[in-house]
Amino acid sequence: MEGYEGFKKDVFNYTGLDLSLYKEKQMKRRLESRINRLGKNSYKEFFQLIKTNKEAFDDFMNYLTINVSEFFRNPEQWKKLEKTILPSLIKESPNIRIWSAACSTGEEPYTIVMLLTRFFPLSKIKIFAADIDDEAIRKAKVGLYKEKSLENIPKDLRDKYFEKIGNSYKISDEIKSCVEFKKMNLLADEYPKGFDLIVCRNVMIYFTDEAKDQMYTKFSDSLRNGGFLFVGSTEQIISPSKYNFSSEETFFYKKSL
Ligand SMILES: C[S@@+](CC[C@H](N)C(=O)[O-])C[C@H]1O[C@@H](n2cnc3c(N)ncnc32)[C@H](O)[C@@H]1O
């Protein structure tokens, strides 16, 4: 379909989101199937729709950002975090600072909080979570989940922190209150600093190599020396030393100056 270049410019001017930093083939395939399904014939018509109809705009952002998530996604990696990485980080830094960098609808930051309850009382836990998608953040703050996304939660934590409401499960307010949510665009905004652990999983896959390069540099700057970056299952960093990272365990990179 013609018109993607113009569409990227329009979207950038309208939202500040730079689609050219997302992998093009994948993005076009997704958008064009969306456009066809909406009965539109071109990127221009589609842009007119999202510009004039708030619901269509929210839908577009939602669709674009792919919010799929679950608690303890890839459980064996969370085990590594719990048994190896967290104990050593906490030893060095008892007031551990953690950032869930593309937190989607909350499963990831709430997983981190539940793990931290193995080390601290809830009253001592505060972590930072951000995502570009307002609607995902809104859902995270509500904290209602389908059973499917709870499958990997250890039983004791699931029994303790979830209440069944109809066909959904509500996460407890005490877990929710440990997370500070914020809207943030990882491709454009300034990164906060001074973290012991940054969790950024299943979002890098959507970005071009140039975008990834910038993000790894910024994540490295945001970590204290000795801090860790935790990435998704298909997101290993090709040349970690370029960013002062060393690969300690698969999917965990330690900043070592
Ligand atoms: C597939 S979800 C991953 C959620 C979670 N990290 C996990 O692994 O389960 C990808 C998330 O990245 C967010 N995202 C996409 N582009 C982003 C950007 N430029 N800045 C911040 N978040 C972004 C989306 O809104 C979405 O919630």
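Predicted model: local features only at pLDDT ≥ 70, side-chain atom pairs only at ≥ 80, totals over all residues.
Local features required pLDDT of at least 70 and side-chain atom pairs pLDDT 80 or more, while totals for chains, interfaces and linings use all residues. Residues are numbered from 1 along each chain as its sequence is written, and side-chain values use heavy atoms, without hydrogens or water.

Asp131 lies in strand 2, which covers residues 127–131. Strands are DSSP runs of E with at least two residues, numbered from the N terminus. Asp131 has 7% relative accessibility and therefore counts as buried (under 20% relative accessible area, with a 1.4 Å probe and protein chains only). Contacts were taken as heavy atoms within 4.5 Å. Leaving aside residues up to four places away in sequence, Asp131 touches Ala102, Cys103, Ser104, Ala136, Ile137, Lys182, Lys183 and Met184. A polar atom of the Asp131 side chain lies 2.8 Å from the backbone nitrogen of Ser104. Asn67 is 64 residues from Asp131 in sequence. Their C-alpha atoms are 9.8 Å apart.

The cysteines were examined next. A disulfide is a covalent bond between the sulfur atoms of two cysteines. The criterion was a pair of cysteine sulfur atoms within 2.5 Å. The count of disulfides is zero. Cys178 is in no disulfide, and its nearest cysteine sulfur, that of Cys103, is 15 Å away. Cys178 is buried, with a relative accessible area of 2%. For Cys200, the closest cysteine sulfur is also in Cys103. The distance is 11 Å, too far for a bond. Cys200 has 0% relative accessibility, so Cys200 counts as buried.

Methods. Helix = DSSP H or I, 4+ residues; strand = E, 2+ residues; numbered from the N terminus. Buried < 20%, exposed > 50% of the residue type's maximum accessible area, 1.4 Å probe, protein only. Polar contact = N/O pair within 3.5 Å; in protein donor to acceptor, adjacent residues only side chain to side chain.
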